[in-house]
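Hi,

Here is the structure I promised to send over. Have a look first, and my notes follow below.

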Amino acid sequence: MKQTFGKNERLCSHRVIGRLFQRGSADVQTFYLFPFRVLYIYETESPPPFPQLLFSVSKRQFKKAVDRNLVKRRCREAYRLNKAALLSLPAESRPAYIAFLYIAKEISTFDVIETAMKQSVNRLLKLPSALRKNQNP
C-alpha cells in the first residue's frame, strides 16, 4: 500500500467542517489524547473511499505561521506513516471525517506526535456501540 497523503484524503468541504465543529451535535464523537483533541464522524450511508482528515493548530498559541506549519507537517507525516491500520477496516466501520486539533502549548517533537498519532489511530479502530448493534442483528 502506498504511504501517501493526497488531496482525496484532505478534508476541504466547508459543510463537513461545519458539521464537525457544530456544538452539541449527536453525530460528532470526540476524545482527548495529548497533544490532540480528535473529532470524528461515522458516515454509514455513503462513506468516502478514504477517511478525510483536517489538521488544525491554534493561531492564538502559535503566532508565527512557520511554527503552525511545522506542527501541521509533523502531524501529517505521523498520520501518513501510521494510517495503514485505519485503512484496513471496511469503509462502513471506520470514521469518514476526522479532525486533529493540536492543543499543546509548545511545539512537540516528532516522536511525541507520532506516539500520540499511533494511539489515536488505535482508538479510532474501535467501533462505537451503535455501529456494533447495526452490524450484529
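Let me start with Y42: its relative accessible area is 13%, so this tyrosine is buried. Bear in mind while reading that the model is predicted. Y40 comes out buried too, with 13% relative accessibility. How are the rings of Y40 and Y42 arranged? There are seven aromatic pairs in the model, counting rings whose centres lie within 6.5 Å. In the case of Y40 and Y42, the ring centres are 5.7 Å apart and the planes sit at 80°, so this pair is edge-to-face. Ring pairs also join up into a cluster made of F36, F55, F62, Y79, F100 and Y102.

Next, have a look at K83. You'll find this lysine in the loop between α2 (65-82) and α3 (84-87). Is K83 buried or exposed? Its relative accessibility is 2%, so K83 counts as buried, the cut-off being under 20%. The side chain of K83 has a polar contact, at 2.8 Å, with the side chain of E9. Beyond its neighbours within four places in sequence, K83 touches K2, T4, F5 and E9.

Then there's P48, in the loop that runs between β2 (36-41) and β3 (52-57). P48 is another buried residue, at 13% relative accessibility. Which residues does P48 contact, once neighbours within four places in sequence are set aside? They are A91, R94, A96 and Y97. As for E106, its C-alpha is 34 Å from that of P48, with the two residues 58 apart in sequence.

Cheers

Definitions and conventions. Residues numbered from 1 in each chain as written. Predicted model: local features only at pLDDT ≥ 70, side-chain atom pairs only at ≥ 80, totals over all residues. Heavy atoms only, no water. Helix = DSSP H or I, 4+ residues; strand = E, 2+ residues; numbered from the N terminus. Buried < 20%, exposed > 50% of the residue type's maximum accessible area, 1.4 Å probe, protein only. Polar contact = N/O pair within 3.5 Å; in protein donor to acceptor, adjacent residues only side chain to side chain. Contact = heavy atoms within 4.5 Å. Phe/Tyr/Trp six-rings, centres within 6.5 Å; stacked < 30°, edge-to-face > 60°.
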